[in-house]
Amino acid sequence: MTTAGNSDKTSSQAGRHTPPRRTGKRGEDAGGESGYSAEVARQVGEATVALGERLRDPGVAHNVEEIEKVLRGFSLTMQGMSNGLTGVTEWLRAAGHVGPLSGHASVMSERLSHIGKELSRLADAVDKAQEQEAS
C-alpha cells in the first residue's frame, strides 16, 4: 500500500536536485530527452523554408532594416549549425567513424561558419548603406 505522494515505483532520482546521470547509451536517448535534437532541427528547417518562401514572394513588402535583421538571423543560424556540426563531428569520431564521414562533417562545419561570417558582413554592409542613405 502506498501513501499519498509516494509510489511503489519511486525513481532512483527521487529527492535528488540534479539531472539524472548520462549512461553510456548511444542513439536518440543519449544526452537527454529522446529525439529533442532531431525535433528542434526539423522545426528550424521548416521555419527556414517558410521564411525563404516569404522572402522570395514579391507581394510581401520588406524594408532595409528588416532585411538587415533577417541577415543577422541567418548568420546566427549558420553559426549555430556550425557549432552543432562540430559536435556531430566529435560524436562521430568518438563513435569510431574516423575518416571520410567525420571529415566531411568537419568540412561542412567550417563552411557553415564561413557562410555565417559572410552573412554578418553583408548585414553590416546593409546597415552602413542604410545609414548613408539616411544622412
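A contact, in what follows, means heavy atoms within 4.5 Å. Good morning. The structure under discussion is a predicted model, in which local features need pLDDT of at least 70 and side-chain atom pairs count only at pLDDT 80 or more, while totals for chains, interfaces and linings use all residues. Residues are numbered from 1 along each chain as its sequence is written, and side-chain values use heavy atoms, with hydrogens and water left out.

I begin with confidence. The chain has a mean pLDDT of 82, and 76% of its residues reach 70 or more; pLDDT is the predictor's confidence in each residue, from 0 to 100. Over residues 1–29 pLDDT stays under 50, and the model has 14 contacts beyond four places in sequence for that stretch.

Next, the architecture. The chain contains three helices and zero strands, in the order α-α-α from the N terminus. Helices (H or I, at least four residues) and strands (E, at least two) are DSSP runs, numbered from the N terminus. Of the contacts in the chain with a separation of 6 or more, 58% are between residues 24 or more positions apart.

Buried residues account for 15% of the 135 residues in the chain. Here buried means under 20% relative accessible area, exposed over 50%, and partly exposed in between, with a 1.4 Å probe and protein chains only. The accessible surface of the chain is about 10500 Å², and 56% of this belongs to carbon and sulfur atoms; the areas come from the Shrake-Rupley method with a 1.4 Å probe, and for residues only the protein chains shown count as cover.

Let me turn to helix H3. Ser-102 lies in this helix and counts as buried because its relative accessibility is 2%. Which residues does Ser-102 touch, not counting those up to four places away in sequence? They are Thr-89, Leu-92, Arg-93 and His-97. A polar atom of the Ser-102 side chain also lies 3.3 Å from the backbone nitrogen of Gly-99.

Further along helix H3, which spans residues 100–134, is Ser-113. Ser-113 has 14% relative accessibility and therefore counts as buried. Apart from neighbours within four places in sequence, Ser-113 is in contact with Gln-79 and Ser-82. His-114 is also found in helix H3, but at 48% relative accessibility His-114 counts as partly exposed. His-114 and Ser-75 are 39 residues apart in sequence, with their C-alpha atoms 9.6 Å apart.

Finally, the charged pairs. The structure holds six salt bridges, a salt bridge being a side-chain nitrogen of Lys or Arg within 4 Å of a carboxyl oxygen of Asp or Glu. Glu-39, Arg-42 and Glu-46 are linked in a network. The closest N and O atoms are 2.4 Å apart between Glu-39 and Arg-42, and 2.6 Å apart between Glu-46 and Arg-42. Glu-39 and Arg-42 both lie in helix H1, three residues apart, whereas Glu-46 and Arg-42 are four residues apart in helix H1. Arg-42 is partly exposed at 38% relative accessibility.

In helix H2 (residues 64–94), Arg-72 and Glu-68 are separated by about one helical turn, because they are four residues apart. Their side chains meet in a salt bridge at 3.0 Å, N to O. Arg-72 is partly exposed, with a relative accessible area of 29%, whereas Glu-68 is buried, at 12%.

How values were computed. A polar contact is a pair of N or O atoms within 3.5 Å; within protein, one must be able to donate a hydrogen and the other to accept it, and residues adjacent in sequence count only if both atoms are side-chain atoms.
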